[in-house]
Amino acid sequence: YRTSGLIDISVSGVTVWTDAQAVIKPLDSVAAGFGIIRVRGSSVVIDGFIIDGNTALPPSSGNHNAINLDTNLGTLTNIDIINSTVQNFNGYGVYSFTAGTLTNVNILNCTFAEFNSTAATPPAAVQLVQPTHSDVRVADCYFKNLTGTGFAVRSVNGTANATNVSVVGCIFEHNTSVYTTIGMEVLKAVNLSVSGCTFKNARMGVSCNGQNIAIAGNSFDNETSYCIEAGSSIGLSVSGNSFSNFQYGLIHYDGARDVVIDGNTFRDALAGSTSALNLGWAVQQSSNASPVPYEQFVISNNIFKNCSGVRLFEPNTNIVEGNVFETTSANNLCRILSPDNAGTRCVFANNVFRTAVDTGTFTGLLVFTGSNHSISNNTFISTTGSVNNGAGLAITPGTTVSNTIITNTYANNFTYGAYLGAATTVTNFSIAGTEAVNCTASVLGMDGVENFFGFAKAGRTTTGDNDF
């Protein structure tokens, strides 16, 4: 029974390599928490090994780690792990300790496979947990068949601990979507980049928070909960990604600001995921327990098909512009829902909403409450053949909307092109330059709106300087 690594590198400037894919497979136990390869020096290269955890050993074994980066004595820097395979572990593939500093780490062209721990919180294939990390790069790696997380950088002191982290061209492919499966998790990050990666068949693709985060050009498929879970963040860009077969595409929680979501494709929420209002959303701002509001969001040039679209919560200065929302399934009402709670200064412009089903409730843009919104140049089209029994745009019943302008809106083939819900109160509300084709509802109690599509108003309260 060994209390330290089978290979212990305690000096700096060492390369451990093989040109024949040497296999390291322990025949007896390594103490739980220790590594088969233990690194205690800097400027170390580990190249070309197959490290097999040999989980067939007795029950007390198999919980050891493949490679330990031992920072307990201070700083490790310039660590390269390349062209290697780590497999059959119940412990960690690569692990750093909770003290010291780790800088300039490269994990390149490696495979991490068959990590099958049944622990309540299974170890990650790669986990860096000490207080300070910087300049960490994971590229062209394959994470396959894991019961836990593929790549993780986690905080132990609640402050920013991950600076300049990039994950490029990796594949995260799980074979189970149990609660513990996550492609990658980087918390308290400053300057995080995730690009060109594939995330498949887990509960979650990416979990992150921090500052200056860019997630671009990735593919997310069959993530049964969240494709991207973004906590409180400042400066987040999500662009050029594809999302399919998800329950949530991108979910925010605890506030965020300076967020750009541009040029992505979201399609096909998982079957049944839209059975409740809070499921099936491609982009969702969730409840917010932090003092940071959801402000300065730009959601633009995206395609949303057969999913629940965009849901905003207490938005402040959010722009939703130039998107296409399309539904061909009665189970997926692809739309914008805004806001769930008090919001202000939002712009909804140049969006196209198309529905090929008549659910009787379709609303392309549903405004709950708030003030100082601008809604302009949006198009609502129903292709159901007969007149759709729903509405293109609606002000939700029982809410208050003030200082809001609706201009240059077009609706085709709805009962209501727009609908002012019962018991609503609108103040300083203006509608102008609108057009309706084959919208059948009568204009009730409103003068001078012959050029506006059927807008139900009976029993509603209008105060202030309203212009219809």
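Guide: The term here means a side-chain nitrogen of Lys or Arg within 4 Å of a carboxyl oxygen of Asp or Glu. E326 sits in strand β34 (residues 324–327) and R354 in strand β37 (residues 352–355), so this pair ties together parts that are 28 residues apart in sequence. Strands, by the way, are DSSP runs of E with at least two residues, and helices are runs of H or I with at least four, numbered from the N terminus. As for cover, E326 counts as partly exposed at 23% relative accessibility, and R354 is also partly exposed, at 31%. On this scale, buried means under 20% relative accessible area, exposed means over 50%, and partly exposed is in between (1.4 Å probe, protein chains only).

Before the other pairs, a word on the ground rules. This is a predicted model, where local features need pLDDT of at least 70 and side-chain atom pairs count only at pLDDT 80 or more, while totals for chains, interfaces and linings use all residues. Residues are numbered from 1 along each chain as its sequence is written, and side-chain values use heavy atoms, with hydrogens and water left out.

By the salt-bridge rule, the count comes to 3. Next up is E185 with R154, where the closest N and O atoms are 2.6 Å apart. This pair also links distant parts of the chain: E185 is in strand β19 (residues 182–195), and R154 is in the loop between β16 (149–153) and β17 (162–168), 31 residues apart. E185 counts as buried at 13% relative accessibility, whereas R154 is partly exposed at 21%.

Then there's D70 with R38, whose side chains meet in a salt bridge at 3.0 Å, N to O.

The protein chain has 0 helices and 49 strands. Of its 468 residues, 54% are buried. Taking contacts (heavy atoms within 4.5 Å), those between residues 24 or more positions apart account for 72% of the ones with a separation of 6 or more.
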